Amino acid sequence: MEFASRKHKKAYEKVRSMVKDLYGEAGATPHENSPGWSISSGSAMIHISVVDWRDDRHLVQIMAYMVRGPELTPSCLRYLLDENHNTAFGGFSVDGDGDIAFGHTLIAERCEKDELKAVIQAVSFTADHMDDVIIQRWGGKRASD
């Protein structure tokens, strides 16, 4: 695994310690080629990545890819924006392939274990619940299928 700098590796090791404390060795699967982990939660697969950002800062990105191939109608996009407005942690996004994800980003150097846990739980709960809502209304398939 390659790191952008010594500080990137240090940020990864900090987050790795928290992830290990929260999920144990078997609960979070390390990514093979990038600094991060995957956690299965209901119908959601949560990806946690420690990425180089700027000015020797690093981010912890917690992302759940939810729905592949939904019909991205104006009503669907409006629904996602309305949900973003009402959500305490995280937000919905649409990638270049038209797939829907939900995620939240933290600053690695300031991240604490309780905060990381709360965000992972919020992303997990939202993704596990909302994938069904989105598929029922606008079609597509769960990203985990």
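The following conversation goes through some features of a predicted model.

Me: What should I know about the model before starting?
Reply: The model is predicted, so local features need pLDDT of at least 70 and side-chain atom pairs count only at pLDDT 80 or more, while totals for chains, interfaces and linings use all residues. Residues are numbered from 1 along each chain as its sequence is written, and side-chain values use heavy atoms, with hydrogens and water left out.

Me: Which strand pairs with strand 2 (residues 36–41), and over how many bridges?
Reply: Strand 2 pairs with strand 3 (residues 44–52) in the antiparallel sense, over six bridges. Strands here are DSSP runs (E, at least two residues), as helices are (H or I, at least four), and both are numbered from the N terminus. Two strands pair if DSSP finds at least two bridges between them. Ser40, for example, has Met45 in strand 3 as its bridge partner.

Me: And which residue takes a positive phi in that hairpin?
Reply: Gly42 does, with phi near 60 degrees; the hairpin has two residues between the strands.

Me: How many bridges join strand 3 to strand 4?
Reply: Seven bridges join them, and the two strands run antiparallel. Asp52 has His58 in strand 4 as its bridge partner, and Val51 stands opposite Leu59. Five residues lie between the strands in this hairpin, where Asp55 takes a positive phi near 50 degrees.

Me: What about strand 4 and strand 6 (residues 100–107)?
Reply: They pair in the antiparallel sense over eight bridges. Gln61 has Thr105 in strand 6 as its bridge partner. Strand 4 also pairs with strand 7 (residues 141–142), antiparallel and over two bridges, with Val67 and Arg142 as bridge partners.

Me: Changing topic, is His8 buried or exposed?
Reply: His8 is buried, with a relative accessible area of 5%. Buried means under 20% relative accessible area, exposed over 50%, and partly exposed in between (1.4 Å probe, protein chains only). His8 is found in helix 1 (residues 6–27).

Me: Which residues does His8 touch, beyond those up to four places away in sequence?
Reply: His8 touches Phe3, Pro35, Val50, Val51, Asp52 and His58. A contact means heavy atoms within 4.5 Å.

Me: How many disulfides are there?
Reply: A search of the whole structure finds zero, a disulfide being a pair of cysteine sulfur atoms within 2.5 Å. Cys76 is buried at 0% relative accessible area, and Cys111 is buried at 1%.

Me: Where is Leu72?
Reply: Leu72 is in the loop between strand 4 (58–68) and helix 2 (74–86). At 32% relative accessibility, Leu72 counts as partly exposed.
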